[in-house]
Amino acid sequence: MANLYASGENIFAVAPMIDWTDRHCRMLHRQFTRRALLYTEMVVADAAIHGKREKILGFDAEEHPVALQLGGSDPSKLAQAAAIGEAMGYKEINLNVGCPSDRVQSGAFGACLMQTPEIVAACIDAMKQAVAIPVTVKCRIGVDDQDTQAALDDLTGRVFAAGADALWVHARKAWLKGLSPKENREIPPLDYDRVYRLKQDNPAKFIGINGGIQSLAEAERHLRHVDGVMVGRAAYQDPLLLLDVDPRIYGEPVVSPTIEGIIDHMCAYSDAHIARGGRLSHVTRHMVGMFHGAPGARRWRQMLSTEANRVDADSSVIRRAYEGIGNAAAEAA
């Protein structure tokens, strides 16, 4: 199985986001870009091992390349969960060393692991021995009062010595006490230069950057200094941002010639999901931001936020909402 990090190419990724990057979100994002690396939400190792695997870990082959992000701090459990992920077809296993939520703090994983880099290294070593696909880490530059120079260098040295294939760095500290997860994404100042220095100090290793990146122009600027760029909320809130990823980042043609084609695909996908017992809103909640700033966007959002929640709703809701976009564009012209 090809190692995503072995080609030497730059990588553009959509960040793992709890409650957002589920399989329906990833299917939508894949319609805009064939090359971007997509991530699951964080899955706790125990859930991967003991939970309903198809519900928790299932995905469509069309989503590839897709990576599984795991949460945990027990090397043996993470190794077992990683093996399950590999068997299900994921292209990469990523260890979360950046989430600051109360849930991960109570379990002593996520960003808490920045304080115990030796445990992170042990987890990476165990997972590398369990799978043949890449094993990577997503971390912060530090937590609380840590010296980010020393803390990030220590973690980086240990995880690469343990065999990590890549390190993705959210260029902010995480504050484990006093800030909510949302505040931790916004209040601690971004320090991109710290990540650039990390790459300079590790020229032969893959270092990717994450945090506050709002556009492909910003992504291109970061790629002058690091190997990969990971975009989160900006891609979720305005999925059309992804339409230019393939030509601008990878030098390849736009994946879809028309927005109509994407709408058609998502309608067919939605109806298939409904036929399996799902709800239209499971899919459309990720599509609300598709026409951000365009004429008719407000009506689009309203329909997908209300009519799509009906028990009997089907893809006709999406088509009627999209007709409204077309009508609004015609009126504006």
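**Reading burial and ring pairs**

Student: Is F59 buried or exposed?

Tutor: At 15% relative accessibility, F59 counts as buried, since buried means under 20% relative accessible area. Please note that the model is predicted.

Student: Where does D22 lie, and which residues does D22 touch?

Tutor: D22 belongs to the loop between β1 (11–14) and α1 (23–30). With a relative accessible area of 14%, D22 is buried. A polar atom of the D22 side chain lies 3.1 Å from the backbone nitrogen of H24 and 2.9 Å from the backbone nitrogen of C25. Not counting residues up to four places away in sequence, D22 touches E41, R285 and H286.

Student: How many aromatic pairs does a search of the whole structure find?

Tutor: The search finds six. W20 lies in the loop between β1 and α1 and Y236 in helix α11 (residues 233–237), so the pair ties together parts 216 residues apart in sequence. W20 counts as partly exposed at 25% relative accessibility, whereas Y236, at 11%, counts as buried.

Student: Which residues do ring pairs link into a cluster?

Tutor: The cluster consists of Y5, W168 and F206.

Technical notes. Residues are numbered from 1 along each chain as its sequence is written. This is a predicted model: local features need pLDDT of at least 70, side-chain atom pairs count only at pLDDT 80 or more; totals for chains, interfaces and linings use all residues. Side-chain values use heavy atoms; hydrogens and water are left out. Helices (H or I, at least four residues) and strands (E, at least two) are DSSP runs, numbered from the N terminus. Buried means under 20% relative accessible area, exposed over 50%, partly exposed in between (1.4 Å probe, protein chains only). A polar contact is a pair of N or O atoms within 3.5 Å; within protein, one must be able to donate a hydrogen and the other to accept it, and residues adjacent in sequence count only if both atoms are side-chain atoms. Contact means heavy atoms within 4.5 Å. Rings of Phe, Tyr and Trp (its six-membered ring) pair if their centres lie within 6.5 Å; planes under 30 degrees apart count as stacked, over 60 as edge-to-face and the rest as tilted.
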